[in-house]
Amino acid sequence: MMMITRLGIPAALRHQCRSASVHLAALGRGAGKAKKPDVTEHQQNGHVKDIIKRLQKLGTGPLCDADKGHKLTSSTSDDPDLKKYEGLNLMDTDVMKLRHAPKQSGGVMIGVARTVQLPRPNDFLAVLSALTELSAGDVLVVNTGGSTRAVAGSLFTTEATRRGVNGIVVDGPIRDVAELECFAYSTKITPYAGTVQHVGEGVDVSSVQCAGVTVNPGDIIFGDSDGVLCGSVDTFSACLHDAEHIVAAEQRLIEGMKVGNSLHSMTNFDEHFAARKEGRESSLTFKDLRTVKFTGIDSVEVS
């Protein structure tokens, strides 16, 4: 799909985005000890449920495009609320890999982060203990402290699925890849399992580092085949509107190409390319984002 940023959205839409309030959560962004949040209450919040429902129709690509636009606006705006925009965080895609996606999932993992820090490498008793506290809608995020032995596998993910857990994301190894049940991401794979001797401090005691980003208890975790994003509830909320517009617009481009219209003809590509070749400022945009008309297809309003 063509990557479309808010740079390619008409001024009226960009104004809507700039004037939307961005009230960011008070969860700290640094790793380390944090006041333990009531994540269960967080999950039951109607606002969070609505965000998760809307996210189910999106992907990491449109969310990243929307995030890029918000970061640009935040960096150039004088509005103090917009300047507070923290942005989404993408786990390092060179190391964090999707190991299993349930067939009935629609290809997207979304849930509220529950965090665990292993007290010692290669010992996963803390992960087993965390499983007893997980419930429907959770995503367990684990920092293994540099483990070289697996901290989860088929037994863990089967029990997690029984509890309605949406997935597990591990900075470290897992195993039994062919037999996993729920969504599972990890930075490594090994058939060797660790030990189960060290209790640890429990679930949601601290933020954890996972594939290069800080994950806080109560953050939203969003994963698909392209990668894993994390961020506060309000950060995802701020990106939703733009991401939904991007998905709708890209779908219209695909429909247009399927009936014989070229991708370039549906954008200002020629003008943009010429401007950039001459060193003039320009943005790649749709010729008409709000209503795109194609032969044999009814026009659709995407604003």
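Trainee: Is phenylalanine 183 buried or exposed, and how do I read that?

Mentor: Buried means under 20% relative accessible area, exposed over 50%, and partly exposed in between (1.4 Å probe, protein chains only). Phenylalanine 183 has a relative accessible area of 3%, so it is buried. Tyrosine 185 is buried too, at 1%. Keep in mind that this is a predicted model, where local features need pLDDT of at least 70, side-chain atom pairs count only at pLDDT 80 or more, and totals for chains, interfaces and linings use all residues. Residues are numbered from 1 along each chain as its sequence is written, and side-chain values use heavy atoms, leaving out hydrogens and water.

Trainee: How many aromatic pairs are there?

Mentor: Rings of Phe, Tyr and Trp (its six-membered ring) pair if their centres lie within 6.5 Å; planes under 30 degrees apart are stacked, over 60 edge-to-face, and the rest tilted. That rule gives 2 aromatic pairs. One of them joins phenylalanine 183 and tyrosine 185, with 6.4 Å centre to centre and 5° between the planes, and counts as stacked.

Trainee: How many disulfides does the structure hold, and why?

Mentor: A disulfide is a covalent bond between the sulfur atoms of two cysteines. The cut-off here is a pair of cysteine sulfur atoms within 2.5 Å. The structure holds 0 disulfides. For cysteine 64, the closest cysteine sulfur belongs to cysteine 239 and is 8.8 Å away, which is too far for a bond.
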